[in-house]
Amino acid sequence: MPANPQLDAQGRLRHLLSIEGLPRETIERILATAESFAGVTERDIKKVPLLRGKSVFNLFFEPSTRTRTTFEIAAKRLSADVINLNIALSSQTKGESLLDTVANLSAMQADIFVVRHASSGAPYLIARHVKPHEHVINAGDGRHAHPTQGLLDLYTIRHYKKDFASLTVAIVGDIAHSRVARSLIHGLNTLGAREVRVIGPQTLIPTGVEALGVRVFHDLRAGLREADVIVMLRLQNERMSGALLPSAQEYFMSYGLTPERLALAKPDAIVMHPGPMNRGVEIDSAVADGPHSVILPQVTFGIAVRMAVMSIVAGGA
Amino acid sequence: MKLLVRGARVVDPASGRDAIADVAIADGRIAERLEAPERVIEADGLVLAPGLIDLSARLREPGYEYKARLESELEAAVAGGVTSLACPPDTDPPLDEPGLVDMLRRRAKSLSRARVYPVGALTVKLAGERLTEMVELAAAGCVAFSQANAPLKDTQVLWRAMQYAATFGYPVWLRAEDAWLASGGVAHDGEHATRLGLPGIPPFAETIALATLVELVRATGTRLHVCRLSTAAAVEMVRAAKREGLPVTCDVAIHHVHLCDADIGFFDSNCRLEPPLRSARDREALAAGLADGTIDCAVSDHTPVDEDRKQLPFDEAEPGATALELLLPLTLKWAAERGLPLVRALARVTSDAARVLGCAGGRIAPGAPADLVLFDPKAPFRVAPETLKSQGRNTPFLGRELAGRVRATIVAGQIVYEAQ
């Protein structure tokens, strides 16, 4: 196995490609840095000059509004210049290769590439070819990883629960196709969570997932029992009918989070969701808007976490 | 040319011979003895073996000349000690017409390098719908019929194709892979694919298809050669089929004897292969099955891919690896790791391959074609793009230290390659 491509020779974070393989201290440093930025986002003047003069290129080979926007806000609060490229609609359709696109943008003096791509591993390919002063941040690659989402989930959990060692975390839904689940699983295990559970029908649980350090449940009720944290995953439209699931209605019947099912978890359990939510498919509105939900704070924390990641990889913070 | 190779360690798997001897060559064949040789090759410390016979090497002509050409690939073959090779029909257009086969054979012959045995398409355009003119293709020089990596989903067509081939005694060379189960997959469905978020191909995609093929052999009596086994369970199924006395042989790509899904590392697209690299347990079963003879041959499955098609995210990259020049060193590595005597190990790339192919080579005996390789089994080298003669530079072994360098290759009594 080659060396971890996201760390430099001194073990510093050069790119953020995956939470897997990040040392515990690195994760803790990102979370602590994010906490220091949380104050900034509440001030009247929401800017710090850490990345002044640097250029952040948002390279979205797959459409996304929410993630792109939060990266943009985070970069601007660090005083960086932000260029948004919706490549799904431009060069790729003209037949330009991924590496050619990156080489061209690199010639325009980029410092950070924030990359979203439908193929697992695409940011690794880019990271292997960028110049020494350039940094790659994975904003979601295929089913593989979404490390800033995983970090903001960890931040949220730490904010409400403090000590990871006593926590039982249940991740519910389409684990097979979820980069969010994979990133969170690695993060929770690195930080020493007591138990990480994944819950879903066999069709949505990938082969050999136990090796990532999780317990598999097919029965939602059993999986939710005594959980401290519940993470509901979005069910993509294309999974809702066909060979994986018969219908959205039947999915909700077996795996939707209702107040009655939530009551099986610990009384102070928190409910998370990476968004965008399908109300009535994976989550009941009464839960999404209820007192256990921390879904909106997640979005706010996401900006501070992305500021922390960008400042650490590129600003030497 | 009258040639004498003097003092080599002669390793001939067909007869089991492994001894220091002189080997004489005249009129393109191994000679009993020789007076007044025109050239003497001093071969102290080197091994002289039958030239390697590779049952799967893509030369990329016609149609994919930008990936490789006959000139480059046949040069790579002899540089790797390969004196005969079978090429699969997945060219563009596929080898489904006698004219294409004839042209390929003429082109290959005119280059005077390795011998080329075309494998014809089993169905027109490899589309899995209509049978090709197998009798005409055989007359043009096809030694077997295959779908290469193209699926044949319709079992009715598969059954009829096997019946038709059996009528004329033609062997059928097929991959065992259920097209529906393999659909969309790019890696072995297991812990590593799950970790990397790569769509998986389950091992039972192979065993289900193999069960179908074996059942059709029982029904039709077709001679079946199963190409590129990848799972432990399939090795066991072939073992049972052979025990039953069915006319079944099989091969494994040399990569799969050495590598497994963990070697994909951080999305190394050089490890994107067909079939996918499977688990470490599967790899062990393949290496053991090749040693005990359940797996008849190791093949290079040489597939030169152009740089543009490999410098892509793993799932978009074109499958395949260049391997003609690595078949010998990787066979030696496997033999060393399993403690196999050279004479037994080389059988899998010489005499056993000749048996499957039905050709006269693969042995060192008076009267046999003088197709030979002279190599230094201990000479180390590092695999680097600039050391490869193949136009394809894509191999998972880039940067690795291997042992075994070819010093000279002889085809039909002519020295076709000599190391500088």
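Residues are numbered from 1 along each chain as its sequence is written, and chains are lettered from A in the order in which they are written. Because the model is predicted, local features need pLDDT of at least 70 and side-chain atom pairs count only at pLDDT 80 or more, while totals for chains, interfaces and linings use all residues.

Reader: What distance separates the end C-alpha atoms of helix H2 (residues 66–77) of chain A, given its twelve residues at 1.5 Å a residue?
Author: Helices here are DSSP runs of H or I with at least four residues, strands are runs of E with at least two, and both are numbered from the N terminus. The expected span is 1.5 Å times one less than the number of residues, which for the twelve residues of H2(A) should come to 16 Å.

Reader: Which elements of chain A do the buried residues of H2(A) pack against?
Author: A residue is buried if 20 or more other C-beta atoms, placed from the backbone, lie within 10 Å of its own, exposed if 12 or fewer do, and partly exposed in between. In H2(A) the buried residues are A:Thr67, A:Arg68, A:Thr70, A:Phe71, A:Ala74, A:Ala75 and A:Arg77. Taking contact to mean that two C-beta atoms, placed from the backbone, lie within 7 Å, these buried residues pack against strands S1 (55–60), S2 (81–86), S3 (112–117) and S4 (135–141) and helix H11 (295–315) of chain A.

Reader: Are helix H1 (residues 24–38) and helix H5 (residues 147–161) of chain A roughly parallel or roughly perpendicular?
Author: Axes are lines fitted to C-alpha atoms, for helices over the stretch in contact, and angles run from 0 to 180 degrees between N-to-C directions; the axes of H1(A) and H5(A) come within 10 Å and cross at roughly 70 degrees. Angles under 35 degrees count as roughly parallel, over 145 as roughly antiparallel, 65 to 115 as roughly perpendicular and the rest as oblique. H1(A) and H5(A) are therefore roughly perpendicular.

Reader: What is the orientation of helix H4 (residues 155–167) of chain B to helix H7 (residues 204–220) of chain B, which pack at an angle of about 45 degrees?
Author: H4(B) and H7(B) have their axes 10 Å apart and pack at about 45 degrees. In their contact, B:Thr155, B:Leu158, B:Trp159, B:Met162, B:Gln163 and B:Ala166 of H4(B) meet B:Thr212, B:Leu216 and B:Thr220 of H7(B), a set that divides into five nonpolar, four polar and no charged. The angle makes H4(B), relative to H7(B), oblique.

Reader: Which element gives the most residues to the side of chain A that touches chain B?
Author: The contact takes 24 residues from chain A and 19 residues from chain B. On the side of chain A, the elements that give two or more residues are helix H3 (98–106), helix H4 (122–129) and helix H6 (179–190). The one that gives the most, with three residues, is H4(A).

Reader: Is B:Pro199 buried or partly exposed?
Author: B:Pro199 lies in the loop between helix H6 (191–196) and strand S13 (200–201) of chain B. Beyond its neighbours within four places in sequence, B:Pro199 is in contact with B:Gly184, B:Gly185, B:Val186 and B:Asp315. With 18 C-beta neighbours inside 10 Å, B:Pro199 counts as partly exposed.

Reader: What is the omega of the cis peptide bond that joins B:Glu61 and B:Pro62?
Author: B:Pro62 is found in the loop between strand S6 (52–54) and helix H1 (70–79) of chain B. The bond joining B:Glu61 and B:Pro62 is cis, with an omega of about -5 degrees.

Reader: Is A:Lys162 buried or exposed?
Author: A:Lys162 sits in the loop between H5 and strand S5 (168–172) of chain A, and has a positive phi of about 60 degrees although it is not a glycine. With 10 other C-beta atoms within 10 Å, A:Lys162 is exposed.

Definitions and conventions
Ala, Val, Leu, Ile, Met, Phe, Trp, Tyr, Cys and Pro count as nonpolar, Asp, Glu, Lys and Arg as charged, and the others, Gly among them, as polar.
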